[in-house]
Amino acid sequence: MRTARLVALSLLAAAIFAAAPAPVTASGHSGEVLEATLDNGLRVLVLEDRRSPIVSVQVWYKVGSRNERPGATGLAHFLEHMMFKGTPTRGKGEFARLVEQNGGQDNAFTAQDVTSYFVNIAADKVDLVLRLEADRMRNLLLDPKEIDSERQVVMEERRTRTEDDPDGLLSEELSAIAFKAHPYRWPIIGWMEEINRINPPELRAFYDTYYVPNNAILAVVGDVKAPDVLARIREVFGGIPRGPTPPAVTAVEPPQIGERRVIVRKAGAQLPIVSIAYHVPNHASPDAPALELLSTILSEGRASRLYRKLVYEKRMALGAGGDYSYASVDPNLFWFYATPLPGHTVEALERALLDEIEVLKSEPVPDEELARAKNQIEASFVWRQDSVHSRASGLVRFEMLGSWRLLDRFVPMIRAVTAADIQRVARAYFPSDKKNVGVLLPAEPPAPAGK
Amino acid sequence: MRLLTRVVAALLLSAVPAGAAPIAQREVLGNGMTLLVAERSAIPIVSVSVYLRAGSVFDPPGAPGVASLTADLLTRGTARRPGPELDRAIEFVGGSLEADAGKDGVTVSLAVLKKDLALGLDLLAEVLREPAFPEDELKRRVAEVQAALKRSEENPETVAGRALGQALYPGHPYAHPTQGTIESVGKITREQVLRFHREHYRPDAAVVAVVGDVTRDEIRRELGARLGGWAAPAGARAAVPSAIAVLPPAITRTLTRELTQATVYMGRPAIRQDHPDYFPLVLANYVLGGGSASRLYTRVREERGLAYSIYSSLSPARYGASFVVGLQTRNEGVDEAMRLAKEEMSRMGREQVTAAELDLARAYLIGSFPLRMDTSGKVARLMIAVEEYGLGLDYPDRYKERIGRVTAADVQRVAARYLDPATFSVITVRGKTN
């Protein structure tokens with residue numbers, strides 16, 4: 001509860017897929033998930049899991065920073081904060097108070113594509129949570145006075161995550177140059193100036209547009225009787241009217257022309273950071289499984305390639321990795337990043353990262369490395385069934401891609417990737433003349449300016 | 001198996017009230033190692049955590065960082081194979097094997113699919129019993145730790161936390177950073193690491209917590225085959241002075257960095273579960289700053305918009321405990337946020353909490369206990385804490401009972417005793433203001 005109301009920043013959002021739980025086999029789940037779409041369009045997934053007397057209730061709205069416009073960035077995340085500030089029947093703070101009074105834990109996060117709310121609680125309290133979620137799906141107060149107060153909280157959050165955090169700052173700056181047309185170019189939390197400016201009517205309009213049952217997925221996983229829960233969901237949510245279909249995001253990022261580069265000098269930073277990002281396709285592409293496997297080959301564990309080469313063998317980096325956002329709704333970036341050890345320059349480290357990218361193009365990944373990465377992905381799928389929370393979020397993440405049933409197909413798709421596929425996607429998507437490079441350098445504090 | 005026959009019978013099963021299940025099956029094996037098992041068969045995964053009393057509190061005098069470096073190097077090569085081969089072996093089956101040092105202890109954790117348990121246990125036993133501590137790996141790791149320490153100066157919470165440790169435990173080993181300092185780590189020798197491992201990695205100071213798709217008989221047999229011959233050295237286990245009864249002078253320290261936001265930690269030593277005031281203080285902490293309904297959260301965040309992060313926490317450890325109020329606010333907001341926080345701390349001791357607050361806190365703390373056991377990792381950590389702090393395997397029930405018994409008068413009494421802001425050291429890490 002320490003940092004309630006999370007915002008997933010771009011690198012975290014890029015790893016959205018990495019948090020997805022799922023069973024390995026089709027038989028593991030297919031018969032168990034009770035699915036329904038209510039008349040008002042609300043998508044419902046219920047899964048019984050009787051291991052502990054608890055339940056995870058999650059409502060995911062298909063809205064994130066992707067649905068914002070320039071000039072009003074940060075709306076989705078700001079609204080997430082306001083979702084805890086009351087309805088006509090339950091005043092501000094009531095949501096948290098009721099959840100805690102019933103032994104539950106709640107939180108939320110905003111990402112580029114989604115805003116997610118969850119409550120984990122004793123299974124016999126599921127009804128309370130359903131009523132609370134239904135209430136704030138449609139009846140939010142959005143009191144201007146509360147908006148102004150919460151505005152300050154969001155600005156504090158931005159100071160923590162971006163202004164005073166070199167990693168956050170660099171990934172924000174690099175996204176801003178890697179995209180020029182698509183909303184992925186601005187940060188999830190929004191620009192400070194716009195957080196400061198956003199007004200109540202804008203929040204109200206955003207809420208009315210996107211917080212409708214036909215734009216939401218509700219998942220319940222835990223020690224419950226699925227048919228009973230579904231019946232109750234119909235009662236509690238069924239009366240909420242369907243809204244107009246939210247407007248589609250029409251922005252398409254044009255092909256990149258030429259390399260882009262940003263150098264950020266940050267006072268207070270202790271070590272530099274180098275990031276390289278390439279535009280890549282998302283899950284809709286047949287190349288997506290190869291890209292997903294590639295990110296595992298590059299970064300998962302100490303035997304992974306970037307750790308082994310840059311950290312272990314060359315002793316140039318304190319850390320290094322790569323990230324792919326398989327589940328991104330629109331095509332996104334594949335990130336490489338590294339921090340040099342003292343005594344090594346960012347230029348040398350950037351070259352070393354680029355050398356590794358060239359090796360991916362010129363040499364097939366050895367069998368052992370390929371098999372290891374596949375085994376890692378498969379094992380992580382099994383591990384993510386460990387909690388009802390991760391099972392619920394996994395179902396929704398795949399439902400976002402089209403159907404929760406896709407999770408049964410994911411591991412077989414990964415298993416089918418060949419070394420030639422890896423080499424092919426590295427050549428196709430990591431062209432040396434279309435990279436986005438971000439460098440963060442520690443800067444001396446500026447000379448004191450006149451008052 | 002033969003070496004592990006002197007099994008001390010599972011405890012407490014008979015002492016548990018009817019209807020309550022103990023959180024683990026416990027036994028002490030022949031070599032003194034404590035085995036805790038929680039069978040969870042639904043998913044084919046097994047988590048094995050070996051906890052050793054070998055944390056930074058045992059660092060040799062003048063050599064902060066030895067414990068942490070020793071833990072880091074466990075997986076960097078054994079008598080049988082070099083580090084990279086270990087990495088490849090465990091990662092090939094999608095498993096992980098990590099060692100991590102804290103203040104009190106080191107946890108070596110293995111996570112594997114059930115089908116790979118034998119391999120995982122082989123590797124686990126190797127890193128525990130036969131680490132090679134290659135000189136080259138030590139040099140490499142020292143450079144990494146030094147760079148990580150340098151980088152951690154960017155993080156105001158880390159900086160504030162270190163300064164608070166020094167303020168709360170002067171003269172006690174809790175005062176120094178777990179990883180050591182850039183200077184101290186640079187001086188650590190292989191000989192120091194070898195000696196540390198010899199003295200502190202011993203079965204009679206080890207707790208093995210197993211959670212997952214495995215039976216107690218099976219895991220006892222498998223562990224016995226690999227760790228049964230691991231014998232305790234002749235010497236006694238190291239002793240550490242208690243930091244419980246000591247209240248150091250409250251200091252105020254401000255560290256200036258290039259930051260747009262200030263991080264404030266207010267802290268003082270507190271008490272552990274074995275103290276009669278502990279459970280009332282748990283309640284007091286919850287009412288003050290435990291959740292989104294707490295006084296600090298309401299007053300500083302919800303009403304005034306002064307902070308994103310504002311909380312209080314009570315953290316018991318083996319040789320001491322701390323009570324901390326933490327907040328982050330814009331540089332200009334520090335005085336006001338601190339004034340509000342101190343006012344709320346004082347008010348806890350001045351007047352009784354309301355019946356509604358007490359009910360909410362009790363209901364939350366009792367009702368949310370199952371959420372403290374909703375992943376294998378959390379179950380393992382709880383089992384280890386229960387063992388290390390002597391809480392008893394019926395802890396979930398005792399917790400419920402003890403929390404349920406706390407009155408508003410108890411909360412006021414302990415708040416007056418432990419939450420007086422004048423007894424708190426205050427560390428502020430902040431930027432310059434104009």
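A network of salt bridges links A:Arg302, A:Arg315, B:Arg76, B:Asp87, B:Glu98, B:Asp136, B:Glu137 and B:Arg140, where a salt bridge is a side-chain nitrogen of Lys or Arg within 4 Å of a carboxyl oxygen of Asp or Glu. This is a predicted model, in which local features need pLDDT of at least 70 and side-chain atom pairs count only at pLDDT 80 or more, while totals for chains, interfaces and linings use all residues. Residues are numbered from 1 along each chain as its sequence is written, chains are lettered from A and ligands numbered from 1 in the order in which they are written, and side-chain values use heavy atoms, with hydrogens and water left out.

Over all chains, the structure holds 88 salt bridges.

| Pair | N to O separation |
|---|---|
| A:Glu150 and A:Lys85 | 3.3 Å |
| A:Glu163 and A:Arg158 | 3.1 Å |
| B:Arg398 and B:Asp394 | 3.8 Å |

The side chains of A:Glu150 and A:Lys85 meet in a salt bridge. Because A:Glu150 lies in helix H6 (residues 144–163) of chain A and A:Lys85 in the loop between helix H3 (75–82) and helix H4 (94–101) of chain A, this pair ties together parts that are 65 residues apart in sequence; helices here are DSSP runs (H or I, at least four residues), numbered from the N terminus.

Both A:Glu150 and A:Lys85 are buried, a term for under 20% relative accessible area, with exposed meaning over 50% and partly exposed in between (1.4 Å probe, protein chains only). In the pair of A:Glu163 and A:Arg158, A:Glu163 is partly exposed at 21% relative accessible area, whereas A:Arg158 is buried at 3%.

Terms used
Helix = DSSP H or I, 4+ residues; strand = E, 2+ residues; numbered from the N terminus.
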